[in-house]
Amino acid sequence: MSPSDEIWSAVTPEASRRLLAAAVESFAELGYHGTSTRHIAAGAGMSAGALYVHYRTKADLLFRIALLVHESVLEALRGSVEGVPGHARRVRALMYAFARWHARHHRAARVIQNELGALEDEHARRIAALRRRVRALLHDEVQAGVAAGAFDVADVAGTSRALASLAIDVCRWYRPEGPSSPEEIGALTAHLAARILRCEDGAA
């Protein structure tokens, strides 16, 4: 199973899962507005009419992809700090997971970053709420570290946004054939985050 397939693994039935994966590929290649339902159905090896058995519209497909992507990110970030002691170690773990996720799932992540504006209003509000929860995880860890004197940061909100951008932007340039693995990118991003926060590598 490829990393991207992991995001859709719980989607049933199997035809719905195939359509999601095909939609990501079509949106990545042609953009949301350049993709037709025929493109998606063909990519899934199905007839054009079969898509409507599983999804009401192309917009519903995009929303489902965005929902699963953000839920996957949240799960990865929460799991990364579970049981991890120390402010510096927690932020490094969070940033490692954040950047690694965006490398492993770069195609789906890039689609979401590029096509968020195509979401319908109600869908956009639900995804915005999930994005706030993702940002809050990082913000709260940085704020806690500053309060404890572990980080030297003048602007918690601005620094948290910069750290989030550092991890998210990985999806824009990462290529599997490149010189660095997702794990190496995660480790570098964690190291850079520690430098931004002005904490020592060995600090708790």
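The UniProt annotation "domain: HTH tetR-type", from an unreviewed entry, covers residues 13–73; such annotations may be inferred rather than shown by experiment. The model is predicted, so local features need pLDDT of at least 70 and side-chain atom pairs count only at pLDDT 80 or more, while totals for chains, interfaces and linings use all residues. Residues are numbered from 1 along each chain as its sequence is written, and side-chain values use heavy atoms, with hydrogens and water left out.

Over residues 13–73 the chain is 72% helix and 0% strand, and the end C-alpha atoms are 23 Å apart. Helices (H or I, at least four residues) and strands (E, at least two) are DSSP runs, numbered from the N terminus. UniProt also lists residues 36–55 as "DNA-binding region", again in an unreviewed entry. That span is 55% helix and 0% strand, with its end C-alpha atoms 14 Å apart.

The structure holds 1 aromatic pair. Phe27 and Tyr32 form this pair, which is tilted, at 5.3 Å centre to centre and with 55° between the planes. Rings of Phe, Tyr and Trp (its six-membered ring) pair if their centres lie within 6.5 Å; planes under 30 degrees apart count as stacked, over 60 as edge-to-face and the rest as tilted. Phe27 is buried, with a relative accessible area of 2%, and Tyr32 is buried at 7%. Here buried means under 20% relative accessible area, exposed over 50%, and partly exposed in between (1.4 Å probe, protein chains only). The charged end of Lys58 sits over the ring of Tyr32, 4.2 Å from its centre; this requires NZ of Lys or CZ of Arg within 6 Å of the ring centre and within 35 degrees of the ring normal.

The largest pocket holds about 380 Å³ of space. It is lined by 20 residues, of which Phe98, Arg131, Arg135, Ala164 and Ile168 are the closest to its centre. A pocket is an open set of points on a 1 Å grid where a 1.4 Å probe fits, with protein on both sides within 12 Å along at least five of seven lines; lining residues have an atom within 4 Å of a point. Helices H5 (58–81), H6 (87–104), H7 (106–115), H8 (121–147) and H9 (156–168) each give two or more residues to the lining, and H9 gives the most, with 6 residues.

Helix H8 also contains Glu141, which counts as buried at 12% relative accessibility. The C-alpha atoms of Glu141 and Leu94 are separated by 8.9 Å, although the two are 47 residues apart along the chain.

Key
Points joined across faces, edges and corners; volume = space filled by probe spheres on them.
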